[in-house]
Amino acid sequence: MADNKRTCLYDKHVQLGALMSPFGGFDMPIQYKGIVEEHNAVRNQVGVFDVSHMGEVEITGPQAEKFVNYIFTNDITDAPLGKIYYGMMLYPDGGTVDDLLVYKVAENDLFLVINAANIDKDVAWINEQAQNFDVKVDHQSDIYGQLAVQGPDSEKTLLDTLKIDATDLVFYTFKKMEYDGETIIVSRTGYTGEDGFEIYASHAAINKMWDLLIEAGVQPCGLGCRDTLRFEVGLPLYGDELTAEISPIMATLSIFVKLDKEDFIGKEACAKQKAEGSAKKLVGLELKDKAIARHGYEVLQGDKVVGYVTTGYRGISVEKSLAFALVDREAGTLGNELMVKIRKKIFPAEVVKKRFYKKSYKK
Amino acid sequence: MSKIVEGLYYSESHEYVKVEGNVGFIGITDYAQHELGNVVYVDMPEVDDEVSQGEEFGAVESVKAASDLMSPVSGTVVEVNEALEDEPGLINKDAFENWIIKVEISDASELDNLMTAEAYKAFIGE
């Protein structure tokens, strides 16, 4: 296996004493001070994440909008400039290629942000589908570094520390700005359930901004707390809650699948699942005990295995043992009493809503 | 630099056993708690359960993952540290003070299979 890639901030993570671990083909910081402290910094103040491992693809050309609408589940028809859409790329059977953000840069100019682990697969998929369209697919992952500044104090931090005024941005919008002699992208987005921003810029500019933020005392945050933060507010992670076998309908994300728009890959399969009910369904589980249900553990109803855990934690902002699980649809009714097998023991778990903690976005 | 206590016996899976008479106090080392990070749950056996050297007897869960606990000696559980049920983070505060189970050791010669403090220090590369 090839060596893991490194982001443009790798040396800085090592200097800060981060625990480094492979993620999505990159050596990434999992934690600096500790997952709990970093998690709480984002919930209560502000934290900064290196998310330069994320991939970027720009689609341009006369049929760019038509093409993206064909490979993407959300509807970007006549989208206003500066708007961002969340959705998925699907296989014809409804399984998920990836979940992604689409930024409307200009007419027929769309900027796609994809998951690190899926970059090669996605770029190949996009290029394959693009053959019958008049578009240009430009893979830009190596050009951009990316920071996520997240938490209730993030707007003020951008303004005071980076001199970036993003006060005019509402949730899921972005703008291009001049910074240090280059054009950067700033969006009001994130993966924590808190207010926050994501910044796309050159490696040099990302390094400069990172240094300014760390010098100003902003808590560096690793992927460890990124996962606990997104989990508590019910956001999916590709590989756990969305996979080639798990459609967005099964993951109960049908709000991002616009079945009333023109044809897109996976539409028919999703329409069928929606109409007939999918065989499997993603649910939230709350364990009565303190034991923790981890990815892959079996979920039972009586003696019957009805599914498996996709993600589970002892919550940090919510002090309960919580999990997402993919279970048979009939077993997944709210309030049902199921069981999770943890090592050799069986623990009762109630089916609950997946949003364990309330999001605080600036809409 | 991890804390290592003289006079205890250490396993390669980072448990220690402190021997008093025929009773062993079993826990995880300071090095192990540091590697795990915030401990949020300790899965412990019950009193009178049998444990065997090198075999799993429970688990320590950090925020991120579960790690099996392997018993450094064979014997019968005579007490579990109930304070860890309400405050598992005690292990992060002092892993050597906050033992996990007390075992009546059935075969003292098994201690020869474990490392001394000095050997464990070398084992973790400190």
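**Domains, folds and contacts**

Taken over C-alpha atoms, the centres of domain 1 of chain A and domain 2 of chain A are 26 Å apart. This is a predicted model, where local features need pLDDT of at least 70, side-chain atom pairs count only at pLDDT 80 or more, and totals for chains, interfaces and linings use all residues. Residues are numbered from 1 along each chain as its sequence is written, with chains lettered from A and ligands numbered from 1 in the order in which they are written.

Q: How many residues does the contact take from domain 1 of chain A and from domain 2 of chain A?
A: The domain bounds come from an automatic or database domain assignment, which puts domain 1 at 10–52 + 144–232 and domain 2 at 54–136 + 247–278. Two residues are in contact if their C-beta atoms, placed from the backbone, lie within 7 Å. On that basis, the contact takes 13 residues from domain 1 of chain A and 10 residues from domain 2 of chain A.

Q: Why does the radius of gyration of chain A agree with a compact globule?
A: The radius is taken over C-alpha atoms, and the globule rule is 2.2 Å times the number of residues to the power 0.38. For the 363 residues of chain A, that rule gives a value near 21 Å, and the chain agrees because it has 20 Å.

Q: What percentage of the residues in chain A is buried?
A: Buried here means that 20 or more other C-beta atoms lie within 10 Å of the residue's own, with C-beta atoms placed from the backbone. Counting over the 363 residues of chain A, the buried share is 48%.

Q: Which pattern does chain B follow along the sequence?
A: Helices (H or I, at least four residues) and strands (E, at least two) are DSSP runs, numbered from the N terminus. Chain B has 4 helices and 9 strands. Read along the sequence, they give β-β-β-α-β-β-β-β-β-α-α-β-α.

Q: Which elements give two or more residues to the side of chain A that touches chain B?
A: The contact between the chains draws 13 residues from chain A and 10 residues from chain B. On the chain A side, the elements giving two or more are α2 (35–44), α7 (223–232) and β16 (304–314).

Q: What share of contacts in chain B joins residues at least 24 apart?
A: Let's take contacts between residues at least 6 apart in sequence. Of these, the share joining residues at least 24 apart is 63%.

Conventions
Buried ≥ 20, exposed ≤ 12 C-beta atoms within 10 Å, placed from the backbone.
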